[in-house]
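User: Please show me how to read the features of a protein model, one at a time. I would like the general idea before each case.

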Amino acid sequence: MDEDRAPTAVDGVGPAVVPAVFEREITASLDEWQRLLRLGVGDARLHAQDDAAQVIWAGGRLRLTWQALPARALAGLRLPRLRVRFVFEMAEPAQRAAFMAAFDQRTRRGGG
């Protein structure tokens, strides 16, 4: 799955290359993911269901599907996980990169 993860610009100089189809493992409960998804799409139109969503914005369309994965256990802590598939349609590479940069910025959570 790592090879399908949308890459980011490693050196911070060039734009990220975002493939039209990729998957990510998200550490979040379903409720948290749905909240993050609403935040992540910004002003784009979001049509969400229990395990899928469609996002429409000026640059194209994004279909997302997700499924629960077994929780990750670290010591006594259990972290819920989801596998999320991103499928961009009618979006040029630059539009995909701009969308994902904004999505990632809006959904970034603090850590320590």
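**Reading the features**

Analyst: The buried residues of helix H2 are covered by, among others, strand E1 (21-26), helix H1 (30-40), strand E3 (52-57), strand E4 (60-74) and strand E5 (77-89). Helices (H or I, at least four residues) and strands (E, at least two) are DSSP runs, numbered from the N terminus. Contact means heavy atoms within 4.5 Å. This is a predicted model, in which local features need pLDDT of at least 70 and side-chain atom pairs count only at pLDDT 80 or more, while totals for chains, interfaces and linings use all residues. Residues are numbered from 1 along each chain as its sequence is written, and side-chain values use heavy atoms, with hydrogens and water left out.

User: What is the mean pLDDT of the protein?

Analyst: pLDDT is the predictor's confidence in each residue, from 0 to 100. Here the mean is 88, and 85% of the residues reach 70 or more. Residues 1-8 have a pLDDT below 50, and this stretch has 17 contacts in the model beyond near neighbours in sequence. Where pLDDT is low, the predicted coordinates should not be read in detail.

User: Which pattern does the protein follow along the sequence?

Analyst: Start by listing the elements. The protein has two helices and five strands, and read along the sequence they give β-α-β-β-β-β-α. Of the contacts between residues at least 6 apart in sequence, 52% join residues at least 24 apart.

User: How do I read strand pairing, and in which sense do E3 and E4 pair?

Analyst: Two strands pair if DSSP finds at least two bridges between them. E3 and E4 pair in the antiparallel sense over six bridges, and they form a hairpin with two residues between them. Within this pair, alanine 52 stands opposite threonine 65 in E4. E4 and E5 are also antiparallel, over twelve bridges, and leucine 69 has arginine 81 in E5 as its bridge partner.

User: How far apart are the end C-alpha atoms of H2, and what should its residues span?

Analyst: The expected span of a helix is 1.5 Å times one less than its number of residues. For the 15 residues of H2 this gives 21 Å, and the end C-alpha atoms are 21 Å apart, so the two agree.

User: Which residues of H2 are buried?

Analyst: They are Arg96, Ala97, Phe99, Met100, Phe103, Asp104 and Thr107. Viewed down the helix axis, the buried residues fall within an arc of 165°, so they line one face of H2. The arc is that of the directions from the helix axis to the C-beta atoms. An α-helix has 3.6 residues a turn, so residues three or four places apart point the same way. Ala94 and Gln105, on the other side of H2, are exposed.

User: What does the side chain of aspartate 104 make a polar contact with?

Analyst: A polar contact is a pair of N or O atoms within 3.5 Å; within protein, one must be able to donate a hydrogen and the other to accept it, and residues adjacent in sequence count only if both atoms are side-chain atoms. Aspartate 104 lies in H2 (residues 93-107) and is buried, with a relative accessible area of 18%. Its side chain makes a polar contact of 2.6 Å with the side chain of arginine 24. Another such contact, of 3.4 Å, joins the side chains of glutamate 23 and arginine 85. Glutamate 23 belongs to strand E1 and counts as buried because its relative accessibility is 18%.

User: Where does threonine 107 lie, and what does it touch?

Analyst: Threonine 107 lies in H2 and is buried, at 14% relative accessible area. Leaving aside residues up to four places away in sequence, threonine 107 touches Leu36 and Gly40. The side chain of threonine 107 also reaches the backbone oxygen of phenylalanine 103 at 2.9 Å.

User: How far apart in space are phenylalanine 22 and phenylalanine 86?

Analyst: Compare the separation in sequence with the distance in space. These two residues are 64 apart in sequence and 5.4 Å apart in space, C-alpha to C-alpha. Phenylalanine 22 is in strand E1 and counts as buried because its relative accessibility is 1%.

Definitions and conventions
Buried means under 20% relative accessible area, exposed over 50%, partly exposed in between (1.4 Å probe, protein chains only).
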